[in-house]
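Student: I would like to learn how to read a few features of this model. Could we take them one at a time?

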Amino acid sequence: MSGPKTGRRRFALSSTMESVGEVEAAADKLAEEAGLDEDDRFHVTMAVREAAVNAVLHGNEYDPAKQIIVGLENTGEALVFTIADQGKGLAPETLPDPLAPENLMRGTGRGIFLIRSFMDEVHFRQLQPGTELTLIKHLAPAGDKI
Amino acid sequence: MALTIASREVDGVTVLDLSGRITLGEGSVQLRDAIRDLISKGQKNILLNLGDVNYIDSSGLGELVSAYTTAKNQSAGLKLLKLTKKVHDLLQLTKLYTVFDIFDDEASAIASFK
């Protein structure tokens, strides 16, 4: 049995929904190559898509002068995704809890919650300017895979 | 796959058969427009058939909530039919499963509006 395909990619994209689609497709490919099962692959791809949407929509606000910087890596032990924008910055501690009764009927505010639900680790780093999210999904040791 | 919406009438209920993805840029706006169109025409009973919707993102979830609220504010009812496992799991995770009336069977869903 061959080992996992490891490798790192990093690229810059314009602040468009087409870029979100590119990031989503790249994440799905990495998850598939890593051998994730269907549910984990769906969750990882969705989390990365949500992060990319946040970067394009809330971070860069579709500004054509700004880019999102995307990193994808399979370390052999985890899938690591970084998505950075060049926006005003995000304070995650200020985000309302979408599960609170008073927020349940809001039309927005579930993206970061979904990301945190689907990934094993989520880290926020403030840039000057912008925000970088690091999303990590641990991979089961090769011996644990059926 | 982009969202397609087909509309049909069953015993006074407008059933919207949705197929594809409900995401930002790929269906959220279409769904919003379809609901608003029905509400503006005075339709009070709306059933969203999600049996062929295999992907909803946070924006799509928000759109479902907005559609529900829009309908309720106009004294209309909006219910959900045939959730795929992925959509079912998402609604449970976000506690929206408690908000909507959800049916697996169309006849039961139609009857519930009476």
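**Reading helices, contacts and backbone angles**

Tutor: With 14 C-beta neighbours inside 10 Å, Lys95(B) counts as partly exposed. A residue is buried if 20 or more other C-beta atoms, placed from the backbone, lie within 10 Å of its own, exposed if 12 or fewer, and partly exposed in between. This is a predicted model, in which local features need pLDDT of at least 70 and side-chain atom pairs count only at pLDDT 80 or more, while totals for chains, interfaces and linings use all residues. Residues are numbered from 1 along each chain as its sequence is written, and chains are lettered from A and ligands numbered from 1 in the order in which they are written.

Student: Where is Lys95(B) found?

Tutor: Lys95(B) is in the loop between helix H3 (85-93) and strand E5 (102-103) of chain B. Helices (H or I, at least four residues) and strands (E, at least two) are DSSP runs, numbered from the N terminus.

Student: What is phi of Lys95(B)?

Tutor: Most residues other than glycine have a negative phi, and most peptide bonds are trans. Phi of Lys95(B) is near 65°, a positive value in a residue other than glycine. Asp11(B) also has a positive phi, near 50°, and lies in the loop between strand E1 (4-10) and strand E2 (13-22) of chain B. Asp11(B) counts as exposed because it has 11 C-beta neighbours inside 10 Å.

Student: Which peptide bond is cis?

Tutor: The bond from Gln128(A) to Pro129(A) is cis, with omega near 5°. Pro129(A) sits in the loop between strand E4 (121-126) and strand E5 (131-138) of chain A.

Student: How many Å should helix H1 of chain A span?

Tutor: The expected span is 1.5 Å times one less than the number of residues. For the 17 residues of H1(A), residues 17-33, that gives 24 Å, and the end C-alpha atoms are 24 Å apart, which agrees. The 22 residues of H2(A) should span 32 Å, and their end C-alpha atoms are 30 Å apart, which agrees.

Student: Which residues of H1(A) are buried?

Tutor: An α-helix has 3.6 residues a turn, so residues three or four places apart point the same way. In H1(A) the buried residues are Ser19(A), Val20(A), Val23(A), Ala27(A), Leu30(A) and Ala31(A). They cover an arc of only 110° around the axis (taken from the directions from the helix axis to the C-beta atoms), which puts them on the same side of H1(A). Glu18(A), Ala25(A) and Lys29(A), on the other side, are exposed.

Student: What do the buried residues of H1(A) pack against?

Tutor: Two residues are in contact if their C-beta atoms, placed from the backbone, lie within 7 Å. The buried residues of H1(A) pack against strand E1 (7-14), helix H2 (38-59), strand E2 (67-74) and strand E3 (78-84) of chain A.

Student: How many residues does each chain give to the contact of chain A with chain B?

Tutor: Chain A gives 16 residues and chain B 14 residues. On the side of chain A that touches chain B, H2 and H3 of chain A each supply at least two residues. H2(A) gives the most to that side, with 5 residues.
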